[in-house]
Amino acid sequence: MLDTSGSMQRGARLALAKGYTARLIEQAARAGEHVALLAFGGQGVQLLLPPGPARASGAGRVRPLAGGGGTPLAAALAQADRLAAQALRRGVGGACLWLLTDGRTLASPPAPQIAQQVIVDFDDPLRPAGRCPAWAAAWGADYRLPA
């Protein structure tokens, strides 16, 4: 899940997050894993890569993304839960949710139903809102800063 909201445009956070997302897709392709990619921002929740085997070419879907608008995080999490449930019914288990965001939303998102979660925090390091580490603690998710 890639946050493309307006706040991600500040300080080149969206560009960094898109590069991180592209690397994750490329790594998944090398490992023979399945992926799906949701982007969420002012355009709502968009399914950019439907669930299926990862392809390195899928990283190209990330590069042209623009940012803007609000942060429909709860809707994106609900969509991710639905996709994971569908994959489980098809026999593709072991879903892991990667949430790449700056956490700049007033919403208090519910914990995803997906058992394994990773939150990559693209917040402003000089003035952090602190939402990503709080969500990670509440959800039992792995918390990371972008490298």
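Biologist: Asp123 and Arg13, are they buried or exposed?
Modeller: Both Asp123 and Arg13 are buried. Keep in mind that this is a predicted model.

Biologist: What does Asp123 form with Arg13?
Modeller: A salt bridge, in which the closest N and O atoms are 3.6 Å apart. The pair links distant parts of the chain, since Asp123 sits in the loop between β5 and α3 while Arg13 belongs to helix α1. They are 110 residues apart.

Biologist: Which other residue forms a salt bridge with Asp123?
Modeller: Arg104 does, and there the closest N and O atoms are 2.8 Å apart. Arg104 lies in the loop between β4 (96-101) and β5, and Asp123 in the loop between β5 and α3, so this pair ties together parts that are 19 residues apart in sequence.

Biologist: Why is Asp123 called buried?
Modeller: Its relative accessible area is 9%, and buried means under 20%. Arg104, at 28% relative accessibility, counts as partly exposed.

Biologist: Which residues do the shared partners join into one network?
Modeller: Arg13, Arg104 and Asp123.

Biologist: How many salt bridges does the count come to?
Modeller: The count comes to 4. One of them is between Glu26 and Arg63, with the closest N and O atoms 3.8 Å apart.

Biologist: Where do Glu26 and Arg63 lie?
Modeller: Glu26 is in helix α1, and Arg63 is in the loop between β3 and α2 (73-89). The two are 37 residues apart in sequence, so the pair ties together separate stretches of the chain. Glu26 has 25% relative accessibility and counts as partly exposed. Arg63 is exposed, with a relative accessible area of 51%.

Biologist: Changing topic. How many aromatic pairs does the structure hold?
Modeller: It holds 2 aromatic pairs. In one of them, Tyr20 and Phe122 are edge-to-face, with 5.9 Å centre to centre and 90 degrees between the planes.

Biologist: Where in the chain are Tyr20 and Phe122?
Modeller: Tyr20 is in helix α1 (residues 13-31), and Phe122 is in the loop between β5 (116-121) and α3 (131-139). Tyr20 is buried, and so is Phe122.

Biologist: And why is the pair of Trp135 and Trp139 stacked?
Modeller: The ring centres are 6.1 Å apart and the planes are at 5 degrees, so the pair counts as stacked. The cut-off for stacked is planes under 30 degrees apart.

Biologist: How many residues apart are Trp135 and Trp139 in helix α3?
Modeller: They are 4 residues apart, which is about one helical turn. Trp135 is buried, with a relative accessible area of 9%. Trp139 is buried as well, at 12%.

Biologist: What does Leu2 touch?
Modeller: Leaving out residues up to four places away in sequence, its contacts include Ala17, Leu37, Phe40, Val62, Leu65 and Leu100. Lys18 and Thr21 are also among them.

How values were computed: Residues numbered from 1 in each chain as written. Predicted model: local features only at pLDDT ≥ 70, side-chain atom pairs only at ≥ 80, totals over all residues. Heavy atoms only, no water. Phe/Tyr/Trp six-rings, centres within 6.5 Å; stacked < 30°, edge-to-face > 60°. Buried < 20%, exposed > 50% of the residue type's maximum accessible area, 1.4 Å probe, protein only. Contact = heavy atoms within 4.5 Å. Salt bridge = Lys/Arg side-chain N within 4 Å of Asp/Glu carboxyl O.
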